[in-house]
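Work through the following exercises with the sequence and the model at hand. Each task is followed by its solution.

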Amino acid sequence: LQVSSFEIASPPKEERSSLVPMSNTIGSFFPSSNSEIYASEDVLIVAGRGYYRDTFTRSWAESTYFLSYKLHDDGSTPTGLVIGKTPGYLLNQFSMDEYKGYFRVATTERTRWACIPVDPGTVSRRTHHWPHCSWERASESKSQLAVMKFPQESGEMELINVIDNLGVTEEIKSVRFLDDKAYLVTFMRTDPLYAIDFRDPMNPVVADELKISGFSSYLHPVGDDRLLAIGKEANEKTGLITGFQITLFDVSDLNSTKVLQRYTIDQRWASSQAETDHLAFRYLPLSKLLILPISIDTS
């Protein structure tokens with residue numbers, strides 16, 4: 001992994017050349033896949049997936065690893081390598097955020113399966129061999145929101161607090177951190193929208209949990225007290241996708257979130273590119289107009 005800084009301001013005419021602009025680069029060994037990047041004016045964080053395999057039960061423990069770099073206003077080489085780790089996997093870049101020196105991250109630990117010996121007394125962990133075992137669900141999927149603090153210098157992030165067991169049996173479908181608040185959606189059959197209070201960053205709390213049908217794939221702030229969401233509509237009993245939905249939430253009171261308006265397209269295969277690519281989402285605040293590409297397959 002290499003992180004480079006460039007001077008993009010135009011140099012004086014007499015100093016211009018056809019050469020590629022000079023860069024300052026720092027490199028790190030980061031053996032991972034499915035990388036996500038978070039960047040602010042001061043810090044750049046790269047997240048990658050990892051796992052640990054238990055050779056005895058043949059199960060997998062999922063983790064996300066982080067590398068953090070300090071960015072400098074003068075364009076000098078990024079510095080201050082910091083590492084971190086949390087259980088589970090990120091959904092996307094919106095799953096992590098830096099606020100007032102704290103790193104906040106939301107992850108899901110997916111359902112874990114393992115080969116459980118029928119008679120543990122006959123099993124030798126040393127040889128990893130057993131005559132009988134049953135492939136069973138070892139743990140249900142669950143999500144968590146962890147708060148970590150950056151060290152003063154390079155080193156490891158310090159785990160400050162964790163809100164765990166969010167949406168047990170479900171997986172995260174969307175996340176949005178907004179200063180001292182956060183919103184998180186999990187889904188299996190219904191959509192709990194969790195409102196998280198971060199006014200005390202060391203002790204975040206779940207302020208509210210609003211359950212509605214379907215789930216939100218992308219959350220977008222509209223002013224200070226509204227949250228616009230797009231995603232899928234679904235059957236509340238079966239969780240089967242039934243269409244596309246747009247929902248406007250009232251989040252003026254973090255302890256009592258409400259649905260203000262909802263629009264649905266009742267076509268099972270209706271979708272929008274904006275569900276997975278936020279650059280396809282366009283909201284015009286002055287005219288209060290939402291522009292979305294919509295695809296409907298009726299075949």
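**Exercise 1.** How do the residues of the lining of the largest pocket divide into nonpolar, polar and charged?

*Solution.* The model is predicted, with local features needing pLDDT of at least 70, side-chain atom pairs counting only at pLDDT 80 or more, and totals for chains, interfaces and linings using all residues. Numbering runs from 1 along each chain as its sequence is written, and side-chain values use heavy atoms, without hydrogens and water.

Step 1: sort by type, where Ala, Val, Leu, Ile, Met, Phe, Trp, Tyr, Cys and Pro are nonpolar, Asp, Glu, Lys and Arg charged, and the others, Gly among them, polar. The lining holds 11 nonpolar, 10 polar and seven charged residues.

Step 2: find the strands (DSSP runs of E, at least two residues). β14 gives the largest share of the lining, five residues. At least two residues each come from β3 (33-39), β4 (43-54), β14 (171-178) and β18 (215-222).

**Exercise 2.** Is W60 buried, partly exposed or exposed?

*Solution.* Step 1: locate W60, which belongs to strand β5 (residues 59-70).

Step 2: apply the cut-offs, buried being under 20% relative accessible area, exposed over 50% and partly exposed in between (1.4 Å probe, protein chains only). W60 counts as partly exposed because its relative accessibility is 41%.

Step 3: list the contacts (heavy atoms within 4.5 Å). Apart from neighbours within four places in sequence, W60 touches Y51, Y52, R53 and R112.

**Exercise 3.** How many helices and strands are in the chain?

*Solution.* The chain has zero helices and 23 strands. Of its 299 residues, 42% count as buried.

Conventions. Helix = DSSP H or I, 4+ residues; strand = E, 2+ residues; numbered from the N terminus.
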